Amino acid sequence: MQQASTSEQERRNDIDVILLKQIAQDRNSQAMQTLFNSYRARLVPFLRRMTRDETIIEETYNDVMLTLWNKADQFKGNAKVSSWIFSIAYRMCLKLIKRQQLRDKLLDSFSFFKLVEDQEEPEMNDSPEADLLNTAIAKLPAKQRLVVELSYFQGCSIQEISDIAQCPLNTVKTRLHHARLKLREYMDEAKLGGDYYEV
C-alpha cells in the first residue's frame, strides 16, 4: 500500500492539468492517449473494489475517458485532477452497476438465463497476507470499501475522498474508522493479527 509522496502527487497533478488543457484547447489526441494509459493502472483496481464484473469495469473506464475527452474544459482546478477523475468513475460505475442489476432481475424473472456468481476474486499479489486482506476488504459494505480503496490504495486525503464520494468529511472519517475496525476484527478472527497490516 505504498503511497506517492506529496511532491510526487503534485508533480503528477501538474502534468494532468497540462494534459487536460491540451485536450480542452487543442483536442490533442496524444495528450488524451497519455491520460488514458496513465490512469488505467489506478482506476481499474479502484473499480474492481466496486464490482467484479469485468464488462462493467471496462465500460466504465472507457466512458470515463470519453467524458474527459468531451468535458476536459469543465475541470475548474478546485481539486486534484485525479479526484475529479475518480469522482466521475465512481458515479459512472454506480450507474452501470444499477443498470446491470435491473437488467439481471428482469432477465431472471423471465427465466431467460441463470445468473452465475462464482467469478474469481482478483488478487493484488500472491502472498497469503494479501489474499486475506482482499477477502477482508471484500466483506466490507460498499461505502466502506470505497474509502479504504481511496485512502490506502490510491493515497487520497480525507478531503479528496469527500469530493469523490460526495459526502461530508465526518462521514468519510466515520466510514474509514468502522472499516479499520472491521478489518482488524477479521484479521484477529483469522488468527493472523492486525500487525501485518497498517490499516
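## Contacts of L43

Contact here means heavy atoms within 4.5 Å. In this predicted model, L43 touches Y61, V64, M65, I85, F86 and A89, leaving aside residues up to four places away in sequence.

## Overall fold

The chain has eight helices and zero strands, which gives the pattern α-α-α-α-α-α-α-α along the sequence. Of its 199 residues, 38% count as buried. Among contacts between residues at least 6 apart in sequence, 65% join residues at least 24 apart.

## Nonpolar core

The largest nonpolar core holds 50 residues, and Y39, L43 and F46 touch the most other members. Two or more residues each are given to this core by α1 (6–26), α2, α3 (54–71), α4 (81–109), α5 (128–138), α6 (142–153), α7 (158–165) and α8 (169–189). The largest share, ten residues, comes from α4.

## Helix α2

Helix α2 covers residues 29–48. Its 20 residues should span 28 Å at 1.5 Å a residue, and the end C-alpha atoms lie 27 Å apart, which agrees. At the start of α2, a side-chain oxygen of N28 comes to within 2.9 Å of the backbone nitrogen of Q30.

The buried residues of α2 are A31, M32, L35, Y39, L43, V44, F46 and L47. An α-helix has 3.6 residues a turn, so residues three or four places apart point the same way.

## Helix α6

Helix α6 has twelve residues and reaches 15 Å from its first C-alpha to its last, close to the 16 Å expected at 1.5 Å a residue. Nine of the twelve are buried, so α6 is largely enclosed by the rest of the structure.

The buried residues of α6 are Q144, R145, L146, V147, V148, E149, L150, S151 and Y152. Just after this helix, G155 takes a positive phi of about 70°.

## Cysteines

A disulfide is a covalent bond between the sulfur atoms of two cysteines. With a cut-off of 2.5 Å between cysteine sulfur atoms, the count comes to zero disulfides. C93 counts as buried because its relative accessibility is 0%, under the 20% limit. C167 has a relative accessible area of 11% and is therefore buried as well.

Note on methods
Residues numbered from 1 in each chain as written. Predicted model: local features only at pLDDT ≥ 70, side-chain atom pairs only at ≥ 80, totals over all residues. Heavy atoms only, no water. Helix = DSSP H or I, 4+ residues; strand = E, 2+ residues; numbered from the N terminus. Expected span 1.5 Å × (residues − 1). Buried < 20%, exposed > 50% of the residue type's maximum accessible area, 1.4 Å probe, protein only. Polar contact = N/O pair within 3.5 Å; in protein donor to acceptor, adjacent residues only side chain to side chain. Core = buried A, V, L, I, M, F, W, Y, C linked by side-chain atoms within 4.5 Å.
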